[in-house]
Amino acid sequence: MTSNPSRKKVLVFRELPPDQLARLQAQHEVTVADPRVPEQLAAFHAALGTAEGMIGSSYPIDYALLTQAPRLKVISSVSVGVDNYTLPALAARGIMLCHTPGVLTETTADTIFSLIMATSRRLVELANHVREGRWTRNIGEELFGWDVHGKTLGILGFGRIGQAVARRAALGFGMPVLYYRRSPLDVARELPELLGKVTHTPLDELLARADIVAVVLPLSDETRGLMGVREFGLMKPGAIFINGARGAIVQESALLHALDHGTLRAAGLDVFAREPLPLDSPLRIHPKVTALPHIGSATFETRHAMAVLATSNLLSALAGKRPPAVFDFSTA
Ligand code: DGY
């Protein structure tokens, strides 16, 4: 029997929804093997040897791993962030990287705004107050929250998600928005609804002026460890810190110091330096921290949309066509 050359070997390294797996299987020889599942690790390594395409997320792909994948042409990441991939290694091998921008923007902005609300109004703490039967009389000042509307929001990173957070803040909550990014946005042209409501601001000034600081930056050599002792020290007394991007942008020891010894009011964190968050991490049970298990894009609709886009990316690339969302190495 002769094999069909248009059917390529594809390695799925994180579970895909059945409809998207079926799309791949209809056209290619697919192996599903998740290296995080001990029983599947051997199959993952075996499949690397012949894979021309890979699709998945949340697993580091570096030089060493790529040497096991000599035929690899394309990786389709079911994520917008590409920090799990050693980009110079991919570029050196000419391996195309695709990702899922756009489809998760609004959901991730919703998550970040949820953390702003939860930390300011102490929602988790107060819900537990009721759940644990401690609501025996009207609450007093010791349980009051902090207004969100009208506060100044500082956004570190002003790409799609940062802009979606800014729209919620400025248009929904009347919040003046300061944003930090390499170069100012042409707001009149690219975000006219926010004209006069968002201001490009240097990092130190933003930290000193914002009541709430939200990190929405990609993780790169430039942003790794960006928030350290000095930066937390610059933040306004009583300010709130939110991270909906990547844990490694924050020096967690500096954040803990700011929570325990500084004047930070609270932190809302969807991401951590190590995930899942280790049980012994002080951030897990810190009274000033609202911690979420990296749920930025985790809704039924959005995770499915990400899988659809990632599958389309891979199918296009394997067919020699331009995929809808190729990661541009020059932007890293
Ligand atoms: C993303 O898409 O980058 C999300 O953070 C999930 O990893």
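**Exercise 1. Sort the shell around the ligand by residue class.**

Step 1: list the neighbours. In this predicted model, the ligand is surrounded by Ser79, Val80, Gly81, Leu104, Arg246, His294 and Met306 (near means a heavy atom within 4 Å).

Step 2: apply the classes. Ala, Val, Leu, Ile, Met, Phe, Trp, Tyr, Cys and Pro go down as nonpolar, Asp, Glu, Lys and Arg as charged, and the others, Gly among them, as polar.

Step 3: tally up. You get three nonpolar, three polar and one charged residues.

A bookkeeping note: numbering runs from 1 along each chain as its sequence is written, and side-chain values use heavy atoms, leaving out hydrogens and water. Local features need pLDDT of at least 70, side-chain atom pairs count only at pLDDT 80 or more, and totals for chains, interfaces and linings use all residues.

**Exercise 2. Find which residues have polar atoms facing ligand oxygen atoms, with distances.**

Step 1: A polar backbone atom of valine 80 sits 2.7 Å from a ligand oxygen.

Step 2: check side chains. For arginine 246, a side-chain N or O atom is 2.7 Å from an oxygen of the ligand; for histidine 294, a polar side-chain atom is at 2.9 Å from a ligand oxygen.

Step 3: look at burial. Alone, the ligand exposes 230 Å², and the protein buries 84% of that (Shrake-Rupley, 1.4 Å probe).

**Exercise 3. Work out the class make-up of the lining of the largest cavity.**

Step 1: list the lining. Phe241, Asn243, Gly247, Val250, Glu252, Leu255, Leu269, Val271 and Leu283 line the largest cavity (on a 1 Å grid over the protein atoms alone, points where a 1.4 Å probe fits but cannot get out; lining residues have an atom within 4 Å of a point).

Step 2: count by class. That's six nonpolar, two polar and one charged residues.

Definitions and conventions
Polar contact = N/O pair within 3.5 Å; in protein donor to acceptor, adjacent residues only side chain to side chain. 1 Å grid on protein atoms, 1.4 Å probe; cavity = no way out; pocket = protein on both sides within 12 Å on 5 of 7 lines; lining within 4 Å.
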